[in-house]
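Please walk through this model with a focus on its pockets and its aromatic rings. Where is open space left, and which residues line it?

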Amino acid sequence: MKNGLTAGEVEELINRRRRQILIHSFLYYRMNTSIVSDAQYDQWARELAELQAKHPEIAKKCAYADAFEDFSESVTGFNLPLHDPWVVAKGQQILRIHEKRRTIK
(Lines give C-alpha, C1' and ligand atoms only; values in the text may rest on other atoms or scores of the structure.)
Protein backbone atom coordinates (compact mmCIF):
# COMPACT_ATOMS: atom_id res chain seq x y z
CA MET A 1 0.00 0.00 0.00
CA LYS A 2 1.10 3.59 -0.63
CA ASN A 3 1.33 4.70 2.99
CA GLY A 4 3.45 1.71 3.97
CA LEU A 5 0.59 -0.12 5.68
CA THR A 6 -0.61 -3.55 4.63
CA ALA A 7 -4.29 -4.10 3.90
CA GLY A 8 -4.58 -5.86 7.25
CA GLU A 9 -3.01 -2.91 9.07
CA VAL A 10 -5.35 -0.47 7.31
CA GLU A 11 -8.34 -2.60 8.32
CA GLU A 12 -7.16 -2.77 11.92
CA LEU A 13 -6.61 1.00 12.05
CA ILE A 14 -10.04 1.77 10.58
CA ASN A 15 -11.65 -0.58 13.11
CA ARG A 16 -9.69 1.01 15.97
CA ARG A 17 -10.54 4.58 14.98
CA ARG A 18 -14.22 3.74 14.51
CA ARG A 19 -14.41 2.15 17.92
CA GLN A 20 -12.56 5.03 19.56
CA ILE A 21 -14.91 7.53 17.96
CA LEU A 22 -17.96 5.47 18.96
CA ILE A 23 -16.87 5.12 22.57
CA HIS A 24 -15.90 8.72 23.02
CA SER A 25 -19.04 9.93 21.25
CA PHE A 26 -21.05 7.75 23.64
CA LEU A 27 -19.21 9.25 26.62
CA TYR A 28 -19.71 12.78 25.33
CA TYR A 29 -23.32 12.62 24.11
CA ARG A 30 -24.83 10.01 26.43
CA MET A 31 -22.76 10.28 29.63
CA ASN A 32 -22.03 14.03 29.43
CA THR A 33 -18.31 13.52 29.98
CA SER A 34 -15.11 13.27 28.03
CA ILE A 35 -11.81 11.59 28.73
CA VAL A 36 -9.96 12.77 25.62
CA SER A 37 -9.37 16.27 24.37
CA ASP A 38 -11.28 17.72 21.45
CA ALA A 39 -7.97 17.89 19.59
CA GLN A 40 -7.40 14.15 20.07
CA TYR A 41 -10.93 13.32 18.92
CA ASP A 42 -10.51 15.59 15.87
CA GLN A 43 -7.22 13.88 15.00
CA TRP A 44 -8.90 10.47 15.10
CA ALA A 45 -11.77 11.77 12.95
CA ARG A 46 -9.37 13.24 10.35
CA GLU A 47 -7.35 10.04 10.23
CA LEU A 48 -10.46 7.88 9.89
CA ALA A 49 -11.94 10.05 7.15
CA GLU A 50 -8.66 9.93 5.24
CA LEU A 51 -8.29 6.16 5.62
CA GLN A 52 -11.86 5.56 4.47
CA ALA A 53 -11.41 7.84 1.46
CA LYS A 54 -8.14 6.16 0.44
CA HIS A 55 -9.34 2.60 1.12
CA PRO A 56 -13.10 2.44 0.51
CA GLU A 57 -13.15 -1.30 -0.23
CA ILE A 58 -11.39 -2.10 3.04
CA ALA A 59 -13.61 0.36 4.95
CA LYS A 60 -16.74 -1.43 3.69
CA LYS A 61 -15.54 -4.66 5.33
CA CYS A 62 -14.82 -3.12 8.73
CA ALA A 63 -17.00 -2.97 11.83
CA TYR A 64 -19.84 -0.45 11.80
CA ALA A 65 -19.45 0.11 8.04
CA ASP A 66 -23.02 1.37 7.60
CA ALA A 67 -22.77 3.83 10.49
CA PHE A 68 -19.54 5.33 9.14
CA GLU A 69 -20.44 5.25 5.44
CA ASP A 70 -20.79 9.04 5.16
CA PHE A 71 -18.45 9.93 8.02
CA SER A 72 -16.12 12.85 7.46
CA GLU A 73 -13.86 14.78 9.79
CA SER A 74 -16.49 17.51 10.09
CA VAL A 75 -19.27 15.13 11.19
CA THR A 76 -19.99 14.82 14.91
CA GLY A 77 -20.52 11.47 16.54
CA PHE A 78 -24.05 12.39 17.63
CA ASN A 79 -25.80 10.26 14.99
CA LEU A 80 -23.62 7.19 15.38
CA PRO A 81 -25.09 4.01 16.96
CA LEU A 82 -24.45 5.13 20.52
CA HIS A 83 -27.06 2.72 21.93
CA ASP A 84 -25.28 -0.31 20.46
CA PRO A 85 -24.76 -2.78 23.34
CA TRP A 86 -21.02 -3.13 22.67
CA VAL A 87 -20.56 0.65 22.59
CA VAL A 88 -22.52 1.15 25.83
CA ALA A 89 -20.69 -1.65 27.68
CA LYS A 90 -17.23 -0.61 26.49
CA GLY A 91 -17.90 3.07 27.13
CA GLN A 92 -19.05 2.36 30.68
CA GLN A 93 -16.06 0.09 31.28
CA ILE A 94 -13.58 2.69 30.05
CA LEU A 95 -15.27 5.41 32.12
CA ARG A 96 -14.98 3.24 35.27
CA ILE A 97 -11.29 2.63 34.58
CA HIS A 98 -10.70 6.34 33.96
CA GLU A 99 -12.49 7.34 37.17
CA LYS A 100 -10.59 4.73 39.18
CA ARG A 101 -7.27 6.02 37.86
CA ARG A 102 -8.22 9.60 38.74
CA THR A 103 -9.00 8.63 42.34
CA ILE A 104 -5.69 6.78 42.70
CA LYS A 105 -3.60 9.80 41.72
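The model is predicted: local features need pLDDT of at least 70, side-chain atom pairs count only at pLDDT 80 or more, and totals for chains, interfaces and linings use all residues. Residues are numbered from 1 along each chain as its sequence is written, and side-chain values use heavy atoms, with hydrogens and water left out.

A pocket is an open set of points on a 1 Å grid over the protein atoms alone, where a 1.4 Å probe fits, with protein on both sides within 12 Å along at least five of seven lines; lining residues have an atom within 4 Å of a point. Grid points are joined across faces, edges and corners, and a volume is the space filled by probe spheres set on the points.

The second largest pocket has about 160 Å³. Its lining includes Arg18, Gln52, Asp66, Phe68 and Phe71. Helix H3 (residues 56-61) gives the most to this lining, with 3 residues. Helices here are DSSP runs (H or I, at least four residues), numbered from the N terminus.

Turn to the largest pocket, with about 190 Å³ of space. Among its lining residues are His24, Tyr28, Tyr29, Asp38, Tyr41 and Gly77. Helix H1 (7-30) and helix H2 (38-54) each supply at least two lining residues. H1 gives the most, with 4 residues. By class, this lining has 4 nonpolar, 6 polar and 2 charged residues.

Now the rings. The structure holds 4 aromatic pairs. Rings of Phe, Tyr and Trp (its six-membered ring) pair if their centres lie within 6.5 Å, and planes over 60 degrees apart count as edge-to-face. Ring pairs link Tyr28, Tyr29 and Phe78 into a cluster.

Why is Tyr28 called partly exposed? Because its relative accessibility is 46%, and partly exposed runs between buried (under 20%) and exposed (over 50%), with a 1.4 Å probe and protein chains only. Tyr29 is also partly exposed, at 30%.

Charges meet rings too. The charged end of Arg30 sits over the ring of Phe78, 5.7 Å from its centre. Arg19 lies over the face of Trp86, 5.5 Å from the ring centre. The test asks for NZ of Lys or CZ of Arg within 6 Å of the ring centre and within 35 degrees of the ring normal.

Note on methods: Ala, Val, Leu, Ile, Met, Phe, Trp, Tyr, Cys and Pro count as nonpolar, Asp, Glu, Lys and Arg as charged, and the others, Gly among them, as polar. Rings of Phe, Tyr and Trp (its six-membered ring) pair if their centres lie within 6.5 Å; planes under 30 degrees apart count as stacked, over 60 as edge-to-face and the rest as tilted.
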